[in-house]
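Let us walk through this model together, starting with its aromatic rings and then turning to its charges and its surface. Please keep the sequence and the 3D view at hand.

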Amino acid sequence: MKRFRRLRTTETIRTLVRETHIQKENLIYPLFVIEGENVKNPVPSMPEIYQYSVDRLDEILTQVSESGISGVLLFGIPKAKDEYATSAYDPDGITQKAVKYIKKNYPEVLVIADVCLCEYTSHGHCGIVDNGVILNDETLPYLCRMAVSLAQAGADMIAPSDMMDGRVSAIRNALDENGFMHIPIMAYSAKFASGYYSPFRDAAQSAPCFGDRKSYQMDYANGREALREIEADIQEGADIIMVKPALAYLDIVREATQFGVPVAVYNVSGEYAMVKSASQNGWIDERKIVTENIIAMKRAGADIIITYHALDMAKWLEE
Ligand code: PBG
Ligand code: ZN
C-alpha cells in the first residue's frame with residue numbers, strides 16, 4: 001500500500017515536506033489616496049479599507065513599513081475629472097503628491113504607481129472617448145504623460161492597467177526618453193472584464209458612467225488569448241506581467257510562468273469583499289481562508305501578490 005499519511009503525522013514532518021511558502025516580501029498592498037485634509041473614508045464594500053488624504057497617510061504607511069511587505073500599489077482619487085483626465089498628469093495631482101510624500105518619508109516602501117485614466121476621466125472609462133467609443137491610439141499619449149509624471153514624482157515602478165493595445169511599448173519609450181530607463185514596468189497583461197472589480201470602483205470612484213469595459217478588458221472565457229497578451233507585453237518591454245483577478249484565474253497564472261519573467265497576481269476587491277463578508281458573519285475563518293488562498297496563488301506560480309489582505313497576512317506570518 002502507498003502510505004501518504006506517513007508524511008502527515010506531525011506538524012514537524014508536514015513543515016519538513018511543505019512545498020509552498022508565503023513570504024511577506026512578495027506582498028503588495030493597494031492604497032487609495034484622496035484629495036482633501038484630514039480624510040479617512042471607509043469604503044463600505046471593503047471592510048477595513050479606507051481612502052486617505054496625504055496628511056493622514058502616516059497611519060497606514062507606518063503599518064506598511066513595519067509589516068515587512070515590499071510596498072504599495074497607489075491609486076489616486078482627484079478633485080476634478082474631465083474628458084482628458086487632466087489631473088492624471090498634473091505635476092501637483094493627488095497621486096503625484098502622494099508619491100512624493102511616501103518617497104520622502106518612507107523611502108524603504110516600494111511605490112508602484114497604477115497608470116490608467118478611469119479615476120481621472122469624467123466618464124470613468126480607461127481611455128479617451130469619442131462618440132461612445134473608447135479610442136486606443138489617441139489614449140496612448142495620455143498614458144505616457146501620466147507615467148512620466150509619476151516617475152518624475154519618484155515612483156519606483158509603473159503599472160499600466162488600462163488594457164489599450166501598444167501601451168507598454170509607448171510607455172517604455174516615453175520613460176526612456178525622459179531619463180527613466182531604470183524604472184520597471186509591471187503590466188496588467190491579462191486583465192479580464194470581471195464582476196470582481198465593483199468594490200474597487202466604489203473605493204476609487206472610477207465606475208464607467210455608460211457601457212462597460214468589455215471592448216478593452218479581456219473576455220474571461222479566453223485562456224489562450226491571455227497568453228498572447230502576456231507575450232505581446234513582454235515583447236513590448238514589460239519587466240513583470242500580471243494576471244487579474246486571482247482566484248478564478250489561477251490556470252492563467254500557471255501558464256504565465258512559462259515566459260520566464262516574474263508573474264504578479266492581483267487578488268482584487270471583490271475577492272476581498274467575499275472573504276470579509278463571510279468571515280464577519282462567522283461563516284468562515286478569515287485567517288485560514290486568506291492563507292489558503294494566498295498559498296494557492298503561489299502554488300499556481302505567482303511571485304508577487306497584490307492583496308488587500310497584505311498587512312493581515314504579514315502579521316499572521318510573524319505569529
Ligand atoms: C482601473 C483598475 C481597476 C482595478 C485596478 N485598476 C478596476 C477596473 O478596471 O475597473 C481593480 C482592482 C480591484 O478590483 O481591486 N483600471
Ligand atoms: Zn482604468
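The structure holds 11 aromatic pairs. Rings of Phe, Tyr and Trp (its six-membered ring) count as a pair if their centres lie within 6.5 Å; planes under 30 degrees apart are called stacked, over 60 edge-to-face, and the rest tilted. Y50 and Y52 make a tilted pair, with 6.1 Å from centre to centre and 55° between the planes. Are these two tyrosines buried or exposed, or something in between? Y50 is partly exposed because its relative accessibility is 24%, whereas Y52 counts as buried at 3%. Here buried means under 20% relative accessible area, exposed means over 50%, and partly exposed lies in between (1.4 Å probe, protein chains only). Elsewhere, ring pairs join F32, F75, Y188, F200, Y266, Y272 and Y308 into a cluster.

A word on how to read all this: this is a predicted model, in which local features need pLDDT of at least 70 and side-chain atom pairs count only at pLDDT 80 or more, while totals for chains, interfaces and linings use all residues. Residues are numbered from 1 along each chain as its sequence is written, chains are lettered from A and ligands numbered from 1 in the order in which they are written, and side-chain values use heavy atoms, with hydrogens and water left out.

Now to the charges. Side chains of opposite charge can pair when their charged atoms come close. A search of the whole structure finds 17 salt bridges, each being a side-chain nitrogen of Lys or Arg within 4 Å of a carboxyl oxygen of Asp or Glu. One of them joins K97 and E35, at 3.1 Å from N to O. This pair links distant parts of the chain, 62 residues apart: K97 sits in helix α3 (residues 94-105), and E35 in the loop between β1 (27-34) and β2 (40-42). Such helices (H or I, at least four residues) and strands (E, at least two) are DSSP runs, numbered from the N terminus. K97 is partly exposed at 34% relative accessible area, while E35 counts as buried at 18%.

Which residue forms a salt bridge with E286? The partner is K276, and the closest N and O atoms are 2.8 Å apart. Again the pair links distant parts of the chain, with E286 in helix α10 (residues 286-300) and K276 in helix α9 (residues 269-280), 10 residues apart. Both ends are covered: E286 counts as buried at 19% relative accessibility, and K276 is buried at 1%. E59 and R56 also meet in a salt bridge, at 3.5 Å from N to O. E59 is partly exposed at 30%, as is R56 at 25%. E11, R14 and R18, in turn, are linked in a network of salt bridges.

Finally, look at the surface. L7, L16 and V17 form a nonpolar patch with about 300 Å² of accessible area together. Patches are made of residues with over 30% relative accessible area and no salt bridge; like charges are joined within 9 Å, and nonpolar side chains (Val, Leu, Ile, Met, Phe, Trp, Tyr) within 5 Å. The areas come from the Shrake-Rupley method with a 1.4 Å probe, and for residues only the protein chains shown count as cover. L7 lies in the segment before α1 and is partly exposed at 47%. R6 is placed in the segment before α1 (11-16) and counts as exposed at 53%. Together with K2, R3, R5 and R8, R6 belongs to a patch of positive charge on the surface. Lys and Arg count as positive and Asp and Glu as negative, while His and the chain ends are not counted; the place of a charge is taken as NZ of Lys, CZ of Arg, CG of Asp or CD of Glu.
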